[in-house]
Amino acid sequence: MTPRHVRGFFIFKMRFPAGLRVKNGCNFRGRVLRIEQKRNRRLISMAFIRKLPDTPERLEHLKGGAGHLERYALLSPEEMLGAGTVCARMVLQPGCEVGEHTHHGNYEVYYFLSGHGVYRSNGETTTVDAGTVTFTGDGESHFLRNDGPEPLEFMAFVLNLPAQA
């Protein structure tokens, strides 16, 4: 097996039998993510295919907002390998909110799939619907409320700032 070098990482694609447990790894229906530290280089092997869970994680009063948010995680923070903490499909039911909060050391991108909402960023309020993209940078704040009659569905990505040289 020959490694492929990508931006400071060595990537190996491997298949493991279902049920195999690997030290410092996570099992995903026969696919394993494995991270090792070796001579100041990260060796990463990752290959998996899976469907989103049928049942979302329910987050009550997220960031102090009204109601709840349903989160279907695409990747866990560990699977994001330090690049971020959230990669998920989110659903806000009518009247529910993500409370106003400020980002520190990271930024957040929303991509709206369906529904209608009110989005506030740094004091400016606008409407969002399918096809809208929002960006909240380091040190900036934002708020989201579903003001429509249908669920507001969107993709959310919280990504870490690049390391400073």
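**Surface patch, cysteines and salt bridges in a predicted model**

Q: In this predicted model, which strand holds Tyr111?
A: The strand in question runs over residues 106-114. Tyr111 falls within that run, so, with a relative accessibility of 36%, it is a partly exposed residue of strand S10.

Q: What accessible area do Tyr111, Leu113 and Val133 have together as a nonpolar patch on the surface?
A: Patch members need over 30% relative accessible area. With Leu113 and Val133 it forms a nonpolar surface patch, and the area of the three together is about 260 Å².

Q: How many disulfides does a search of the whole structure find?
A: A disulfide needs two cysteine sulfur atoms within 2.5 Å. Cys87 is buried at 10% relative accessible area, and Cys96 is buried at 7%. The search covers the whole structure, and the number of disulfides found is zero.

Q: Is Cys96 buried or exposed?
A: The cut-off for a buried residue is under 20% relative accessible area. Cys96 has a value of 7%, so it counts as buried.

Q: Which residue does Glu57 meet in a salt bridge?
A: Glu57 lies in strand S6 (residues 57-60), and its partner lies in strand S7 (residues 68-75), 14 residues apart. At 39% relative accessibility, Glu57 is partly exposed. The N to O distance of the pair is 2.9 Å, and the partner is Arg71.

Q: How many residues apart are Glu153 and Arg89?
A: The side chains of Glu153 and Arg89 form a salt bridge with an N to O distance of 2.8 Å. Arg89 is partly exposed, with 22% relative accessible area. Glu153 belongs to strand S15 (residues 152-160) and Arg89 to strand S8 (residues 84-92), so the pair links distant parts of the chain. The two are apart by 64 residues.

Q: How many salt bridges does the structure hold?
A: For the structure, the number of salt bridges is five.

Technical notes
Residues numbered from 1 in each chain as written. Predicted model: local features only at pLDDT ≥ 70, side-chain atom pairs only at ≥ 80, totals over all residues. Heavy atoms only, no water. Patch = residues over 30% accessible without salt bridge, like charges linked within 9 Å, V, L, I, M, F, W, Y side chains within 5 Å. Areas by Shrake-Rupley, 256 points an atom, 1.4 Å probe, with all protein chains shown as cover. Salt bridge = Lys/Arg side-chain N within 4 Å of Asp/Glu carboxyl O. Helix = DSSP H or I, 4+ residues; strand = E, 2+ residues; numbered from the N terminus. Buried < 20%, exposed > 50% of the residue type's maximum accessible area, 1.4 Å probe, protein only.
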